[in-house]
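Subject: Structure handover and findings

Hello,

The structure we talked about is below, for your own work. My notes on the sheet, the aromatic pairs and the cavities follow it.

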Amino acid sequence: MRNVETILAQFKEIAANPRQAVADYRSETGKGAIGIMPIYAPEELVHATGYLPVGLWGGNQSINQARTYLPPFACSVMQQVMELECQGAFNDLAAVVFSVPCDTLKCMSQKWKGTSPVLVFTHPQNRGLESANRFLVEEYTRLQSRLEEITGVKISNAALENSIRVYNENRAALREFVRLAADYPQFVGAVSRHAVFKARQFMEKSRHTALVRELIGALTAQPLQPWSGKRVVVSGILLEPDGLLELFDELKLAIVDDDLAQESRQLRVDVQEGNEAPLYRLARVWQRMYGCSVATDTKKLRGKMLIEMAQKTGADAVIAAMMKFCDPEEWDYPIYFDELEKKGVRNLMIEVDQGATSFEQARTRLQSLAELL
Amino acid sequence: MYALGVDVGSASSKAVILDRNRKIVAAEVVQAGTGTTGPRRVMEQIFSKTGLHREDIVKLVATGYGRMRFEGADRQFSEISCHARGVHYLVPEARTILDIGGQDAKAIRLGNGGEVKQFFMNDKCAAGTGRFLEVMARVLETDLERMAALDTAADSPVSISSTCTVFAESEVISQLSHGASRENIIAGVHNSVAAKACGLVGRCGVEGTVVMTGGVAQNAGVVRAVSRELNREILVAPNPQTAGALGAALYAWDDARRERGDETG
């Protein structure tokens, strides 16, 4: 049995080399990859074609060409994606699946600079009506036929049901990992924890599940140890780059749960089993999604969710990882900030810029939090 | 027993020495920050002034932007903790701190015992900080010391609407070319700094006695503008630029006390 460190090293290796992951997949299966833009997409449809769904969540490079096409106040994920597009990094993708839940994504979907076909679909704004489900089924049907056209693969109901099962199993395994990581912060620091999620974007999901299960086995074989640091919940779009995560490890701030769009929000809702058509059940996921800034929530339950998350995990604080220039997240923040304050839940806001190379201000904020807890 | 706190900021270096009774022995400022000779010079300056040597210092705590690169510190604390500690020592009734330094601004809310309840720092850019004032002073052909006096002669402060420091500089040049008086522009600049800084205070929640620290607190024009913006009286901490170093010295004093027990001398 491999040890925790070795397995985590494998996750880190995959997370750091998406191009290699795609090349390996291609050589093993003869099939290519399809890009999945943030934030939510029915990846199961892509998986059912046998192509590898690859998350396009930016990078960490200096921004040059993207400045021609994006204003400086576009979020860093989109700046990074645009830079990579301009460099032709995505041109070997068979297609790019593009949801448009925020204004920047809407604009980005209309100015793709790569050569791959862009498959745009729209989530319904009103998530409380049955007609919204039917609307999304129509969108997914259109997406399915475009995927079939491009890949030359007819997506059967059986294949889609299999992909749904693979994804549900993957989400369940990761949820278990999240709970365990909170118990073993000595083994799973912030950088490692993130790598497990990041690798998910570049791996076929049943393989990812197997690796996560192996990690779970290796972790549970270890004795539980007391943690001398603090425990935090993080919320936001994503928490990158590694330089920022290293501060958490350095300051002994264990991430015991997250509400990150790139991480646990992807695990929040499974596709339900049932007799309805698989596309309908996939569409229902959007209506059952909660606690996300881009999914309209008339009841504003994110604050309540974060408070419960902190209470359940015994977290010392909630950290808002505010994606710089992300207005959906900025709009949510004052609401849940007030709720956290009223409940006496310690909280902190740090700014996240994927391309950042210096983290002095984040260090000051995080160190201050660690000092006052 | 002596304890020393050093605050290595982006634009200046500050040092404070406390004696065994927690009294301030000396406080020094050098207008050069991290990455310059400032940290070394402020240490030389404070030792030269007091006649003390490094070996007389039982504990040394560093804070500020350059705290991790300052050699010889026993510990590092964040500026937030140190400003809170320093201000609580100087003005025990303080419940809200507005610290405006060279390139960052912080609003800190304190509890009754001086503990930090909440804080916010500026993000995205350095507009509304000391650097912003420096740039404006240069284009207005004045210096930071004279800006407060010129501000008092303003009769119709101009509006500086740009958030970006560089665009605000262009706006000031445009105002000058349209004949606006230097006094009215300076008052406008002060109002602009105050509006940005008070946005942080608003996020943090303003409570009780408000105290300003940092180099910018020495500019009475900005203090007046902050007072107007918050619609309440503002206290300026004594020697406001060294409040963070004082807080660091207080942490160092605690450590020294712990290490030496009640030993004095």
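Two strands are taken to pair if DSSP finds at least two bridges between them. Helices (H or I, at least four residues) and strands (E, at least two) are DSSP runs, numbered from the N terminus. On conventions: this is a predicted model, in which local features need pLDDT of at least 70 and side-chain atom pairs count only at pLDDT 80 or more, while totals for chains, interfaces and linings use all residues. Residues are numbered from 1 along each chain as its sequence is written, chains are lettered from A and ligands numbered from 1 in the order in which they are written, and side-chain values use heavy atoms, with hydrogens and water left out.

The sheet in chain B

Chain B has an open sheet of five strands in the order β3-β2-β1-β4-β5, and its pairing is mixed. β3 (24-30) and β5 of chain B are the edge strands with a single partner strand each, so one side of each has no neighbour in the sheet.

Strand β1 (residues 2-8) of chain B has two partners. With strand β2 (residues 13-18) of chain B it runs antiparallel, joined by six bridges, and the two strands form a hairpin with four residues between them. Within this pairing, Asp7(B) has Lys14(B) in β2(B) as its bridge partner. With strand β4 (residues 57-63) of chain B, β1(B) pairs in the parallel sense, again over six bridges; here Val6(B) stands opposite Ala62(B). β1(B) is also mostly covered, with six of its seven residues buried (buried means under 20% relative accessible area, exposed over 50%, partly exposed in between, with a 1.4 Å probe and protein chains only).

β2(B) in turn is joined to β3(B) by six bridges, and these strands run antiparallel. In β3(B), Val30(B) is the bridge partner of Ser13(B).

Aromatic pairs

Over all chains there are ten aromatic pairs. Rings of Phe, Tyr and Trp (its six-membered ring) pair if their centres lie within 6.5 Å; planes under 30 degrees apart count as stacked, over 60 as edge-to-face and the rest as tilted. Phe77(B) and Tyr251(B) have ring centres 3.8 Å apart and planes at 10°, so this pair is stacked. Phe77(B) lies in the loop between β5 (75-76) and α2 (79-90) of chain B, and Tyr251(B) in helix α8 (residues 243-260) of chain B, so the pair ties together parts that are 174 residues apart in sequence. Both residues, Phe77(B) and Tyr251(B), are buried.

One aromatic cluster takes in both chains: Tyr333(A), Tyr336(A), Phe337(A) and Phe120(B).

Leu176(B), in helix α5 (residues 165-177) of chain B, counts as partly exposed at 34% relative accessibility. Leu176(B) and Arg85(B) are 91 residues apart in sequence and 42 Å apart in space, C-alpha to C-alpha.

Cavities

A cavity is a set of points, on a 1 Å grid over the protein atoms alone, where a 1.4 Å probe fits but cannot get out; lining residues have an atom within 4 Å of a point. Grid points are joined across faces, edges and corners, and a volume is the space filled by probe spheres set on the points. The search of the whole structure finds four cavities of 30 Å³ or more.

The largest cavity holds about 410 Å³ of space. Its lining has 29 residues, with Ile39(A), Tyr40(A), Ala41(A), Arg171(A) and Gln266(A) nearest the centre. α11(A) gives the most to this lining, with three residues.

The second largest cavity has a volume of about 160 Å³. It is lined by 16 residues, of which Ile39(A), Cys75(A), Cys102(A), Ile237(A) and Cys326(A) lie nearest its centre. α4 (76-86), α5 (103-109) and α13 (327-342) of chain A each supply at least two residues of that lining.

Regards

Methods: On a 1 Å grid over the protein atoms alone, a cavity is a set of points where a 1.4 Å probe fits but cannot get out, and a pocket is an open set with protein on both sides within 12 Å along at least five of seven lines; lining residues have an atom within 4 Å of a point.
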